[in-house]
Amino acid sequence: MTEISDQGPMAAARAWKAMTLAGALSNFHLFIFTSILFIAPNALLALALRPVPSALVLAGCAGAIAILWRERLDGAFFQTAVDRRQLGLCLALGLAVCLLGGGGHVFLPKTDWLIRDAVLADLVREGFLALYRDAGQDYLLRAPLGMYLLPAMVGRLFGLYAAHLALLAQNATLVGMIAYFAATIAQAPRAPTVLLLLGFSGLDIVGVFAAEAVEISAGEPFMPFDHAEWWSLYFWPGLFQYSSLVTQIFWVPNHAAPGWWIALLILLASRRLVSFPALLASFAPLLIWSPLIVLGAAPFLLLSGLQGPIRGMISRERLASVVVGLCFLPIAIYLVIDAGAIPQEWLILRAGFARQYLFFIFVEIPQAALVLYCFHLVAVEDRAPFWVALVTLLALPIYSFGPGNDLLMRASIPALFILAFHFARIAVLTRPAGGGVASAVSTLFLLGAATPMIEIRIALSRSYAISDCDVLTSSRKLPPHRVPTNYLARIEKVPVWLVDPAGARAPRTVVDRKCWPDHPALDESLK
């Protein structure tokens with residue numbers, strides 16, 4: 001990949017000034033706008049903290065934007081005028097994907113949204129500090145709230161439905177922007193690259209067919225697999241899943257959006273289109289969106305920081321970005337309040353792990369073998385991030401964290417996006433030539449496409465009305481019918497210097513009511 005040429009700071013500044021005076025929209029405008037969408041929720045949550053941590057987080061937000069603002073002078077990439085047609089198509093695709101994922105309840109939202117809708121409703125109703133009481137125990141809403149806070153602010157002004165529309169607009173914009181930048185840097189035909197990227201999936205249908213074959217050979221009836229990604233549960237009780245990109249945006253856009261964004265920034269940094277200080281300044285603000293994404297991206301950040309001459313590893317800009325990152329420590333502390341109650345386990349110690357692990361890797365990331373076979377098509381500067389992605393995906397299944405092994409499913413998102421990017425690019429570049437590689441590409445894509453197709457088929461089912469039930473009431477209705485420790489923390493575990501619970505409204509309690517009376521799939525006792 002040839003680095004986009006830089007004509008020097010003075011020439012770049014003149015070009016930027018000329019473009020600004022002409023009213024042209026540049027890549028930098030899109031970059032800074034998208035960055036602000038990820039940074040701003042930190043500032044909103046800071047308003048719910050005590051004065052000192054609040055001021056620290058607000059300073060971090062301002063510092064991060066200041067560091068990112070400097071990127072407008074650092075190269076021709078950010079001075080390039082936006083391809084409006086490409087941007088429009090990417091934003092339309094983002095809107096379509098998010099609508100199908102259940103945004104605005106136009107199509108059927110996935111079951112995870114039963115709780116997420118409650119989180120949004122509570123933030124609209126209670127503000128950014130919500131309390132709960134159950135069986136004499138008080139709880140604080142403690143969760144990665146990044147996706148919800150801007151829409152909740154809209155909802156506090158205009159109502160819950162407006163909050164849902166704002167959430168749809170926000171997520172569609174993020175998906176569209178990420179798709180636009182990925183297509184721009186791929187140096188391959190853009191439309192097929194984006195479609196192959198978003199259509200990326202493991203061969204879950206192979207796992208499903210294997211499970212069906214075992215059942216049928218034993219004389220059992222055909223099993224329904226509405227959610228194909230959990231095929232591994234049939235063979236082993238461990239929770240193994242590398243989610244397709246469509247599954248990620250349908251089920252967990254709060255993790256997918258920041259995971260795709262930091263992966264994109266890693267690709268930009270590997271091409272020296274984004275500086276390491278800008279990458280570092282973008283890293284810490286994502287904590288409020290998804291700590292597991294930040295954990296999964298950490299190895300890439302370390303790699304990027306170690307690249308280049310030793311003399312440049314300690315600079316004023318890098319030190320400034322480290323200081324900015326440290327300003328988000330109150331957010332990090334907020335997110336780990338009472339985290340010891342979250343289930344975790346070393347899966348590698350379970351009997352039968354090795355066999356299940358090998359089958360899982362074979363089914364979920366066979367595209368990595370194709371990328372390695374076509375490694376000559378991977379740009380030299382992209383090879384180190386690819387190796388980090390591969391090692392990450394091979395290492396994550398050995399440990400489980402979270403009620404559904406969230407560590408495996410969420411920390412893997414940046415690495416999966418980087419693998420998907422390289423697979424999509426190689427697929428587009430090799431397809432016209434035909435031959436064995438093109439046949440392998442087609443086979444992998446068609447088998448993988450079954451997973452997003454199943455998700456889309458389910459999405460086209462009848463939807464249900466938006467609920468205003470709170471988190472506690474909603475969680476009590478759904479299995480396992482207990483306080484969700486990944487959303488609520490015991491109030492006595494909250495540091496007194498961080499949050500003042502006295503500033504919140506009276507704690508909410510479980511209410512005997514129906515939350516989703518018109519849901520087409522829930523059992524009547526759960527509604």
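Tutor: A helix in this discussion is a DSSP run of type H or I with at least four residues, and helices are numbered from the N terminus. The structure under discussion is a predicted model.

Student: Which helix gives the most to the lining of the largest cavity?

Tutor: Helix H6 (113-126) and helix H8 (160-185) each supply at least two residues of that lining. With four residues, the greatest contribution to the lining of the largest cavity comes from H8.

Student: Which residues lining the largest cavity are the closest to its centre?

Tutor: The search of the whole structure finds five cavities of 30 Å³ or more, and the largest cavity holds about 110 Å³ of space. It is lined by 13 residues, and the closest to its centre are Cys98, Gly102, Gly103, Trp113 and Asn171.

Student: How many charged residues does the lining of the largest cavity have?

Tutor: The lining of the largest cavity can be sorted by class. Six of its residues are nonpolar and six are polar, and the number that are charged is one.

Student: Which helices each supply at least two residues of the lining of the second largest cavity?

Tutor: The second largest cavity contains about 60 Å³ of space. Its lining consists of Ile266, Ala269, Ser270, Phe300, Leu303, Ser304, Gln307 and Pro385. By class, five of these are nonpolar, three are polar and none is charged. The helices that each supply at least two of the lining residues are H12 and helix H14 (291-306).

Student: What is the relative accessible area of arginine 190?

Tutor: Arginine 190 forms a salt bridge with aspartate 83, with the closest N and O atoms 3.4 Å apart. Aspartate 83, at 32% relative accessibility, counts as partly exposed. Arginine 190 is also partly exposed, and its relative accessible area is 35%.

Student: Which residues are linked in a network of salt bridges?

Tutor: The count of salt bridges comes to 17. A network of salt bridges links Asp122, Arg125, Glu126, Asp470 and Arg508.

Student: Which residue in the turn between S1 and S2 has a positive phi?

Tutor: Strand S1 (residues 131-134) and strand S2 (residues 137-141) pair in the antiparallel sense over four bridges, and arginine 133 stands opposite aspartate 138 in S2. The two strands form a hairpin with two residues between them. The turn residue with a positive phi, about 55°, is alanine 135.

Definitions and conventions:
Residues are numbered from 1 along each chain as its sequence is written. This is a predicted model: local features need pLDDT of at least 70, side-chain atom pairs count only at pLDDT 80 or more; totals for chains, interfaces and linings use all residues. Side-chain values use heavy atoms; hydrogens and water are left out. Two strands pair if DSSP finds at least two bridges between them. A salt bridge is a side-chain nitrogen of Lys or Arg within 4 Å of a carboxyl oxygen of Asp or Glu. Buried means under 20% relative accessible area, exposed over 50%, partly exposed in between (1.4 Å probe, protein chains only). On a 1 Å grid over the protein atoms alone, a cavity is a set of points where a 1.4 Å probe fits but cannot get out, and a pocket is an open set with protein on both sides within 12 Å along at least five of seven lines; lining residues have an atom within 4 Å of a point. Grid points are joined across faces, edges and corners, and a volume is the space filled by probe spheres set on the points. Ala, Val, Leu, Ile, Met, Phe, Trp, Tyr, Cys and Pro count as nonpolar, Asp, Glu, Lys and Arg as charged, and the others, Gly among them, as polar.
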